[in-house]
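Please examine the sequence and the structure shown below before reading further. The paragraphs that follow lead through the fold step by step.

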Amino acid sequence: MKIAIGNDHTAVEMKLEIQKFLEDLGHEVVNYGTDAAESCNYPIYGEKVGLAVAGGEADCGVLICGTGVGISIAANKVKGIRAAVCTDATMARLVKEHNDANIIAFGARIVGIEVAKDIVKAYLDAEFMGGRHVRRIEMIHEIETR
């Protein structure tokens, strides 16, 4: 699977560890984030990953900032993106199963590296359940096309 990853300055170290974790699992990772510790603007990286996923350049995305919230808000402005902030593996599994999230986000100031790995693994192992959830995804799509 090809995975886009993006981050701001607060999450450089965590991004590098998650990138290696994903590569060790056999995934191709494309880095759209910063590798510098200097303060930067997370919307840039949320948009880059959102565009990569929406445009089919990546199968899904992982975003990391201080809380995961700001960068996911930016990604969600891209048409076709369903980015969800996750603080544990259960949330990560459910956002895939129920919401067909195509990007997950978490905060380097909120979760530790082992929890972050659990989040990523749970998300990647989960599958969209379809069924009644399809109608809800279609309703979300309707909102963004108005």
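Which residues are buried in H3? This is a predicted model, in which local features need pLDDT of at least 70 and side-chain atom pairs count only at pLDDT 80 or more, while totals for chains, interfaces and linings use all residues. Residues are numbered from 1 along each chain as its sequence is written, and side-chain values use heavy atoms, with hydrogens and water left out. The names of the elements follow DSSP: helices (H or I, at least four residues) and strands (E, at least two) are DSSP runs, numbered from the N terminus. Within H3, the buried residues are Gly70, Ile71, Ser72, Ala74 and Ala75. Here buried means under 20% relative accessible area, exposed means over 50%, and partly exposed lies in between (1.4 Å probe, protein chains only). The cover over the buried residues of H3 includes E1, H2, E3, E4 and E5.

To understand that cover, one may turn to the sheet. In general, strands of a sheet pair through backbone hydrogen bonds, either parallel or antiparallel. In this model, 5 strands form an open sheet in the order E2-E1-E3-E5-E4, and the pairing is parallel. Its edge strands are E2 (28-31) and E4 (83-85), each of which pairs on one side only. Two strands pair if DSSP finds at least two bridges between them. On average, and with direction ignored, neighbouring strands of this sheet are turned by 25 degrees against each other. Such angles run from 0 to 180 degrees between N-to-C directions, and axes are lines fitted to C-alpha atoms, for helices over the stretch in contact.

The individual pairings may now be followed across the sheet. Strand E1 (residues 2-7) is joined to E2 by 4 bridges, and the two run parallel; Ile5 stands opposite Asn31 in E2. Between E3 and E5, which also run parallel, there are 5 bridges, and Ile64 stands opposite Phe106 in E5. E4 and E5 run parallel and are joined by 3 bridges, with Ala84 opposite Ile104 in E5.

How many residues of E5 are buried? E5 is mostly covered, with 5 of its 5 residues buried. In a regular strand the side chains alternate between the two faces of the sheet. Both faces of E5 are covered: Ile103, Ala105 and Gly107 are buried on one side, and Ile104 and Phe106 on the other. E1 is mostly covered as well, with 5 of its 6 residues buried.

Helix H1 (residues 12-24) touches E1, E2, strand E3 (60-65) and strand E5 (103-107), and its direction makes about 170 degrees with that of E1. Contact here means heavy atoms within 4.5 Å. Helix H3 (residues 69-76) lies across E1, E3, E4 and E5, running at about 140 degrees to E3.

The helices also pack on one another. Helix H2 (residues 42-54) and H3 pack at an angle of about 45 degrees, with their axes 7 Å apart. That makes H2 oblique to H3. Angles under 35 degrees count as roughly parallel, over 145 as roughly antiparallel, 65 to 115 as roughly perpendicular and the rest as oblique. Tyr42, Pro43, Tyr45, Gly46 and Glu47 of H2 make this contact with Gly70, Ile71, Ala74 and Ala75 of H3.

His27 lies in the loop between H1 and E2 and is buried, with a relative accessible area of 19%. Leaving aside its neighbours within four places in sequence, His27 is in contact with Met1, Ile3, Leu22 and Leu124. Asn102 lies in the loop between H4 and E5 and, at 12% relative accessibility, counts as buried. By contrast, Asp125 lies in helix H5 and counts as exposed at 51% relative accessibility.
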